[in-house]
Amino acid sequence: MSSHQEIRALTPGDIRARKGGDPLVCLTAYTTPVAQLADAECDLVLVGDSVGMVLHGLPTTLGVTMEMMILHGQAVARGVKRALMVVDMPFASYEEGPTQAYRNAARLMAETGCGAVKLEGGQHMAETIHFLTQRGIPVMGHVGLTPQSVNTLGGYRVQGKGADATRVMHDAQAVAQAGAFSVVLEKVPARLADEITATIDVPTVGIGASAGCDGQILVIDDMLGLFDAFKPKFVKRYAALADDARAAIAAYAEEVRARRFPAAEHIFEDQSK
Ligand code: KIV
C-alpha cells in the first residue's frame with residue numbers, strides 16, 4: 001500500500017453537492033504557476049475565455065479559438081491537483097447545435113483533461129446542455145450577462161432588471177433542469193440572484209451578482225490588480241500587482257542604465273585564471 005495520500009480532484013458531483021453549503025471559491029487561471037496558486041484555495045478553477053482579453057489583448061472574447069482554450073487548458077491542468085478544472089467553450093464552438101457542441105466539448109475534455117466545460121446561454125442552450133450531460137460531458141451553465149453575446153445584448157450591461165428578471169430566471173431554471181451541475185450568474189441584480197439561488201437546485205456561482213450565491217468567481221488578473229486597464233464595479237482588487245510590476249521594471253531599467261545590474265553576486269568568475 002502506498003504511504004502517501006493521493007490528492008483527489010473535486011468532481012462536478014462534489015460541486016453540485018455543495019448547494020446551500022459552504023460557499024464555493026472559484027477563480028480563473030490560464031497558466032501553470034497561477035493555476036498552482038489558485039488550486040491551493042479554490043474549489044473550482046476556470047480556464048475562462050476571458051483569457052483572450054486578459055492575456056492576448058483581444059477587445060472581446062469573440063476571437064478566442066478552440067486552440068487557445070486547449071493550450072491554456074493544458075497549462076492549467078499541470079497546476080491543478082485538488083480543484084475541479086472547467087474549460088470554457090469558445091464563441092462559435094457550440095452554438096450550431098448539440099452535435100457541434102459535443103464534438104468540441106469532447107475535444108476540450110480529451111486534450112486538456114478538464115473535468116467539465118462551461119458554455120454561455122439560457123433557454124436556447126437547454127437542448128445542447130441536455131445532449132452533452134447525457135453523453136458524459138458535465139456542463140457548467142452561464143446566464144445573465146453572457147459576454148460572447150455582447151453584440152446582441154448591446155454592451156456589457158446588467159441583465160435581468162425590471163420585467164427582464166423573468167427571462168433570466170427562466171434561463172437559469174432551463175440550464176439547471178437540462179442537467180448543468182452549476183450555473184454562473186453574471187451581472188444580475190442581487191435580489192434576482194438570491195431568488196434564482198433559492199429556486200434552482202444546483203449551486204449558483206456569482207460574478208457581479210450577490211453574496212447570497214452558492215459561490216463566487218472572479219477573473220484572477222482582475223482581483224490581483226494585474227489587469228488594471230479598467231475595473232468593473234463587481235471586481236474587488238485584493239492586490240496591486242500591476243503597480244508592483246511597474247515599480248520593479250522601472251527599478252531594473254534604472255539599474256541597467258546606471259550599470260548597477262548585474263552586481264558581483266549575479267556574475268560568474270573563472271576561478272582557474
Ligand atoms: O471567461 C471567464 O473568465 C468567465 C468568468 C468571468 C465567469 O466566464
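## Salt bridge between Asp88 and Lys118

In this predicted model, Asp88 and Lys118 form a salt bridge whose closest N and O atoms are 2.8 Å apart. Asp88 belongs to strand S3 and Lys118 to strand S4, so the pair ties together parts that are 30 residues apart in sequence. Asp88 and Lys118 are both buried.

## Other salt bridges

The count of salt bridges comes to 14. Side chains of opposite charge can pair when their charged atoms come close. Arg260 takes part in a salt bridge with Glu254, at 2.6 Å from N to O, and in one with Glu255, where the closest N and O atoms are 3.9 Å apart.

A network of salt bridges links Arg18, Asp43 and Arg82.

## Helix H5

Helix H5 covers residues 98-112. At 1.5 Å a residue, its 15 residues should span 21 Å, and the distance between its end C-alpha atoms, 21 Å, agrees with this. The buried residues of H5 are Pro98, Gln100, Ala101, Asn104, Ala105, Leu108 and Thr112. Viewed down the helix axis, these buried residues fall within an arc of 155 degrees, so they line one face of H5. An α-helix has 3.6 residues a turn, so residues three or four places apart point the same way.

The partners of the buried residues of H5 are helix H4 (66-77), strand S3 (84-88), strand S4 and helix H6 (126-133), against which they pack. On the other side of H5, the residues Thr99, Arg103 and Ala110 are exposed. Just after the helix, Gly113 takes a positive phi of about 80 degrees.

## Cys114

Cys114 sits in the loop between helix H5 and strand S4 (116-118). Its relative accessibility is 5%, so Cys114 counts as buried. Leaving aside neighbours within four places in sequence, Cys114 is in contact with Met85, Val87, Leu108 and Met109. Val87 is 27 residues from Cys114 in sequence, while their C-alpha atoms are 6.5 Å apart in space.

## Cys26 and Cys42

How many disulfides does the model have? The count comes to zero. Cys26 is in no disulfide, and the nearest cysteine sulfur to its own, that of Cys42, is 6.9 Å away. For Cys42 the closest cysteine sulfur is that of Cys26, and at 6.9 Å the two are too far apart for a bond; the cut-off for a disulfide is 2.5 Å. Cys26 is buried at 4% relative accessibility, and Cys42 is buried at 1%.

## Gln148

Gln148 is located in the loop between strand S5 (139-144) and helix H7 (150-153). Is Gln148 buried or exposed? With a relative accessible area of 5%, Gln148 is buried. Its side chain makes a polar contact of 2.6 Å with the side chain of Asp49.

Not counting residues up to four places away in sequence, Gln148 touches Asp49, Thr61, Leu62, Met89, Pro90, Phe91, Tyr94, Glu95 and Glu120.

Notes: Residues numbered from 1 in each chain as written. Predicted model: local features only at pLDDT ≥ 70, side-chain atom pairs only at ≥ 80, totals over all residues. Heavy atoms only, no water. Helix = DSSP H or I, 4+ residues; strand = E, 2+ residues; numbered from the N terminus. Buried < 20%, exposed > 50% of the residue type's maximum accessible area, 1.4 Å probe, protein only. Contact = heavy atoms within 4.5 Å. Polar contact = N/O pair within 3.5 Å; in protein donor to acceptor, adjacent residues only side chain to side chain. Expected span 1.5 Å × (residues − 1). Arc of directions from axis to C-beta. Salt bridge = Lys/Arg side-chain N within 4 Å of Asp/Glu carboxyl O.
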